[in-house]
Amino acid sequence: VGCSTKKVDLVLNKAAVRSMLSQAGLTKLRAIEDQALRELTEWPLPGRAAFLKPINGCGSTYVRRCTSLQDVREHLAAWDSNARHIRQFVADYVQAGLGMFLEEEAVGELLSLEGYCHDGRYFAVGITDRTVLARDVAIEMGNTFPCPHPRRADIVAKVEAIHELLGIT
C-alpha cells in the first residue's frame, strides 16, 4: 500500500484540487489560474475579495488578500521579484514553477476537520476552529480543538466526499 507521486502532486496542487471540487459541485468559490490572472483587465469578482496564493503553497507564505486588480498586480510583482525573505526550502517549494492563482474569499467560519484514512475510508476525529490575525486574515494565529459544531454531520459528509473525489484512501 502506498501513495503515488502523481497522487501527492495532485493533492498539493491547490488550483487543480479547486477545479476538481468546482466541477463536482463541492465548492462554489471561483478561482483564476496564473496565466489568465495575468491577462485580467478588470477585477473579476465585483464586490468580493479574493486570496492570491501559490498553487503549491506552504501555509500562509505569499498568501495575500486582494480586493482589486491593483492589489493582485502588486503582489504578483513581489512574487516575480522574489523580494520576500523566506526560508530557502520554502521558497524552493512555493516557487517551483506552478505559479499563482486567485481564489474567491470564502465568507463564514474558518474550520478544519481533522481525521485520518484507513482501509480506503475517512474517519473524522474532530473540528478545529481557526483564529486569524485581525490586520491580515490570510495569517492563522491559533486554533481551538476539539470545537463542537452544530453542522458537524454536514461538514463530515462534505470532507468524505472530497476524499472520495480526490482518491485519498
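**Entry: Glu 104.** I began with the contacts of Glu 104: leaving out residues up to four places away in sequence, it touches Lys 28, Leu 29, Arg 30, Leu 45, Arg 48, Ala 49 and Ala 50. Contact here means heavy atoms within 4.5 Å. I found Glu 104 in strand 4. With 5% relative accessibility, Glu 104 counts as buried. My cut-offs are under 20% relative accessible area for buried, over 50% for exposed and partly exposed in between, with a 1.4 Å probe and protein chains only. Helices (H or I, at least four residues) and strands (E, at least two) are DSSP runs numbered from the N terminus.

**Entry: ground rules.** I noted that this is a predicted model, where local features need pLDDT of at least 70 and side-chain atom pairs count only at pLDDT 80 or more, while totals for chains, interfaces and linings use all residues. Residues are numbered from 1 along each chain as its sequence is written, and side-chain values use heavy atoms, with hydrogens and water left out.

**Entry: helices 1 and 2.** I looked up how helix 1 (residues 5-12) packs on helix 2 (residues 14-23): the angle is about 80° and the axes are 5 Å apart. The axes are lines fitted to C-alpha atoms, for helices over the stretch in contact, and angles run from 0 to 180 degrees between N-to-C directions. Helix 1 and helix 2 are therefore roughly perpendicular, a label for 65 to 115 degrees (under 35 is roughly parallel, over 145 roughly antiparallel, the rest oblique). Helix 1 brings Leu 10, Val 11 and Leu 12 to the contact, and helix 2 brings Lys 14, Ala 16, Val 17 and Met 20.

**Entry: helix 6.** Which residues of helix 6 are buried? I listed Ile 155, Val 156, Val 159, Ile 162, His 163 and Leu 166. Down the axis of helix 6, these buried residues fall within an arc of 125°, so they line one face; the arc is that of the directions from the helix axis to the C-beta atoms. On the other side of helix 6, Ala 153 and Glu 164 are exposed. The cover over the buried residues of helix 6 includes helix 1, helix 2, strand 5 (111-118) and strand 6 (121-133). Just after helix 6, Gly 167 has a positive phi of about 70°.

**Entry: helix 4.** In helix 4, I marked Leu 69, Val 72, Leu 76 and Trp 79 as buried. They span an arc of only 80° around the axis, which puts them on the same side of helix 4. Their packing partners are helix 3 (34-38), strand 2 (50-54), strand 3 (64-66), helix 5 (88-94) and strand 4 (100-104). Asn 82 follows helix 4 with a positive phi, near 55°.

Entry: I checked two non-glycine residues with positive phi. Tyr 62 has a phi of about 65° and sits in the loop between strand 2 and strand 3. Asp 119 has a phi near 55° and sits in the loop between strand 5 and strand 6. Are they buried or exposed? Tyr 62 is buried, at 3% relative accessible area, whereas Asp 119 is exposed, at 72%. I also logged a cis peptide bond from Phe 145 to Pro 146, with omega near -10°. Pro 146 lies in the loop between strand 7 (136-144) and helix 6.
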